[in-house]
Amino acid sequence: MGSTERKYELCRPFLPRRHPSLKTSAEIVGEARRILRAQSTQRPYTPRDAQRQLFARSSVRADHSNRPSSTFSLHAQNFDFGDSRPSSGTRLSPLERKTKILFPSHDDISKSSPKPPADPLDSKRPLVRTRTRLVRATSLVILPPLAAHTDAPQERLHQDPAKKPPPAHAFVSGDHKEVSGAPHLSAPRRSQSESRLLQSSVDSGVGSDEVRSGQRTDLDWSGKNNTSAGADSRWDPIAPLLQQIKAVAAGGSGEASPEHLCDLCIALQDALAEAGLLGPHHCKRRSSILRTLFQLIDLNSPRLHMHVAELCLALHVSGNNLLNICKLIFQISRSEDNDVLFQNCSVLDSLLGLLLREDASTCGEALFYCASTLKFLSGNAAVVHLLLEKNFMSTAHDFIQKLCRVDGAHGAIAGHVLVQLTATLRNLADHAEARPLFVSYALMSDLCSVLQRHRQDQDVCTNVSRVYSKLSSYAECRLALAQTPDCYQLFLELLSKHHQKQDLVVRLLFTLGNLTAKSDEARQRLFRCEASVDTLLRLYDDYQLREDGPTPLAGVREAEDVLVKLVRVLANMCIHENVGAALAGNTTCVQLLMETLELRSVDVSEELTVNVTAAINNLTFYRKESAVLRRSQLAIAQLMLKLVLSSNMAAMLEATRVYGNLSQSKDVRDFIMQNKVHRFVVTLLDSKNPDLCFSACGVLTNLALDPPSRASLSLEGAATKLTDCLRDLGAGDWQLSAQLCQALWNMSGGGGPETLLATQDRKSLLEILTSYLGEEEVRRGTEDEDYHRELWELEFRPVALKLYHAWSMKCE
C-alpha cells in the first residue's frame, strides 16, 4: 500500500461496520452488544386461588352444567355393598323370609335324604346343572347332626327303584352333578376346621345382619372357592375385627370415637394384607368387608374417611364404589389441613395406580376426581416431593398418551380430566427438582400433543401455556420444546383461534419470546411458519390501545401485557439477519410500533415503551435496506426525543441506542444538533454506567464526523469525558475501550490538527493507551482469557494504535 493510501487509512473516520466479509466470534458478540439486543420481560403472574376448587373463575367451564360437580354429599347409602351391581343401577327389593326351625326325627332322616327348609324363591327356580349351596343363610341353625348322614348313602342304595325321585327343587352337594331321575346324595362330612369356623361364626354373631336381612352370607360351606380349610383359616383374625368395627360404629361398646375406629381399620388392613386378601383378585367375603367399611362414611372424620378410602382402594373396588371413593378422597383434599393425611398412607400410590390402570372411557368421572385430588395436593411442597418419589412424572406421561387416544362420546370427560392433570403439572413446574423430569419423560412434547388434540378447549390450552411459560425460562426445557416438531405453527394457530383469551395469548407470546431470545434457528423457524408475521401483527392491532378507537379485547392493563410480550417476540426475531430485514420492510410493523410510542408515555407504560423502543432499535439496524425506515427516520428521531430527555434510565438507554443507528444519516445528525440532544448525550458519560457510556459513544462517534458538530462537542468537554471513561472503565471492557477510542479519533478529525485536550490530559491519554496496549493488561479482571484476548486484538488494538500515534505527535 502506498503512503497516500496509508495516510487515508490512518485518517479516515470510524464508522460501524455493517457487513464485513468475515466475522470473528468477538465481532459477532460485539455487534450484538452495539446494536441488536434480545429483550427480556417478566413471566405472567397468576395469583393462586384462595380456595381449592375444580375450575378457576376464568374457566369456560365455570358455569357449564355438563361438567362433574364440585359439591356433593356422600353417605353410606350411596355405595353398593356387593360391589357387583349391574350397570343399570337397578336395585332389587329384599325378599321377606321366615326362618323355619325343623327338628327331624331319626326315622325321617333314614327314609330320605335331608332337605333344606322350603324356600319360596327355589320353587320358582329351574334346575341348574352346577353345584348348589346345601346350607342357606336362613338355615344355619337347623343343621341336622352330622352322624345322621353317615348311613344315608348305603340306605339309598337299597331303596326301591320304583319310588318316585325327589322333588325337582332338591339340592345336590359335593362335586356330583345333578342327573334327572337319579337319587340325590347327602352332604359330605365336614372337616373339624369347618365346624369350628361355623360354630365361631354363629357364636360371635358374624353374619347375623345378613341372616336377618335374608341376604346370602359368605359363611356358606358349599361354594366352589371355599372348600379348603386353609382359605377358611385366613378369615379367623378378620371376622372379629369386622364385628368390633360394627359394634364401635354403632356405639354399642361405648368407644365410638373416630380414633378407635381408625386403629381398628389399620388392624383390619394389616390382617387382610397378611392373609393375602388385598389386591385385584376378588375376595369371596369382600361384600362383608365393604358393607362394614361403608357404614363408617356417615361419621364426620376426615382421618377415618382416609382409612376407609385406603382400604377400599386396596381392595380394588370398581364401578359406582370406585367413583364414590374418589369423590370421598376429593372432598378430603379440598382442605389444606388434611394434606398431612396423604403423607402417611398408601392413597397416593393407589391414585397413581388408578391413572395407569383405568380407562377414561369406562370410569372417566372417577379419574376426574382422582386427577382433581392430585391437583389440590400439588400445591403442597411436601406432597410434591412424595409424588416425585413415587414417579408421578412417568405416570403422567403414560396417562397423557392414553387420554390423547380417547375420542368420540368420551372426549368430553377426557378433556375434563386433562384440565386437572395439566393444572397439576403447572404446579409442579414451579419446583426445581421436577423440571429435569419434564425433559427426561418427554412431557414437553406430550403437552404439545395435548394441544393438538384439544385445541378447541380453552382451559386445557391455558393450563399448558402456563406450564410452557414457566419452563421455557430454563435452557434445558426450552431446548426440549424447541425440538418439538411444529410447536411454532401450533402456537400461532392457537393465538389466532383464541385471540380473545388474554391469559392464554400472553403466555404463548411469553413462551415464543423465550424461544427466540437466544436461538437464531428459533427466530427463523417462527418466521417461516405460515402467516406468522400476519398473525402477530393482527394480534398487535387487536390489542393496540387507541384513545378514540374501539375498546381492546381486554382491559387496559391486560392489553398492555399482551403488547409487551408480543413486541418482545418481534424484537427478538429481528436479530436474525433475514427476518430483521423483512420486518424492517413491513410497513404495518413499523407503523404499529411508532403508533404505540405516540399513544403511550414512559411514565404510565414503562415496560411497553422500553420494549417498543428496543424493537425499533433492532429494526433500524436494517435502515439502509428498508425504504420504510428511511422515510420514517426523522419521525422516529422525534419520538426518541421525549424518551432520551425523560427521567427513566431504561428508556434513555434504548433511545440513545436508536440514535446510534439513525445518526449514520446526515439528516438525523442535524436533527440531534438542532435539538441540543448532543448535550444530553455528553452528560451520559458521567454516569459511569458501561451500557450508557457505550451507547453514548456510538452517537458521539457519528456526530463527530461533521466538523461543526466536533466544535460543539468540544465546547461540551466531550474529549475530556471520553478520556475519563477510558481510564475508569476501559481496563475491564475492551469493546467499550474500542468505542471510546473511535469517538476520540473522530473528535480529533481522524488524526487531524484539532487539539481537544490540555497538555496534562494528552499525557494522561497516552499513559492510558500505553498501559492498555501492554499484553499483560489483557488478563487483568477477565474470566475468559482467550475470548478477551480476541476482543483486545481485533477491536481495541487497531484503533488504539492509531490514536496513540496521532496524539503522541501532538504531545511533541
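Guide: Within helix H33 (residues 666–674), Asp-670 and Lys-666 lie 4 residues apart, about one turn of the helix. Helices here are DSSP runs (H or I, at least four residues), numbered from the N terminus. The model is predicted, so local features need pLDDT of at least 70 and side-chain atom pairs count only at pLDDT 80 or more, while totals for chains, interfaces and linings use all residues. Residues are numbered from 1 along each chain as its sequence is written, and side-chain values use heavy atoms, with hydrogens and water left out.

Visitor: What makes the contact of Asp-670 and Lys-666 a salt bridge?

Guide: A salt bridge requires a side-chain nitrogen of Lys or Arg within 4 Å of a carboxyl oxygen of Asp or Glu. For Asp-670 and Lys-666 the N to O distance is 2.9 Å, so the pair qualifies.

Visitor: Why is Lys-666 called partly exposed?

Guide: Partly exposed falls between buried (under 20% relative accessible area) and exposed (over 50%), with a 1.4 Å probe and protein chains only. Lys-666 has 42% relative accessibility and therefore counts as partly exposed. Asp-670, at 28%, also counts as partly exposed.

Visitor: Which parts does the salt bridge of Glu-595 and Arg-546 tie together?

Guide: These side chains meet at 3.0 Å, N to O. Glu-595 lies in helix H29 (residues 587–599) and Arg-546 in the loop between helix H26 (532–543) and helix H27 (556–573), so the pair ties together parts 49 residues apart in sequence.

Note on methods:
Helix = DSSP H or I, 4+ residues; strand = E, 2+ residues; numbered from the N terminus.
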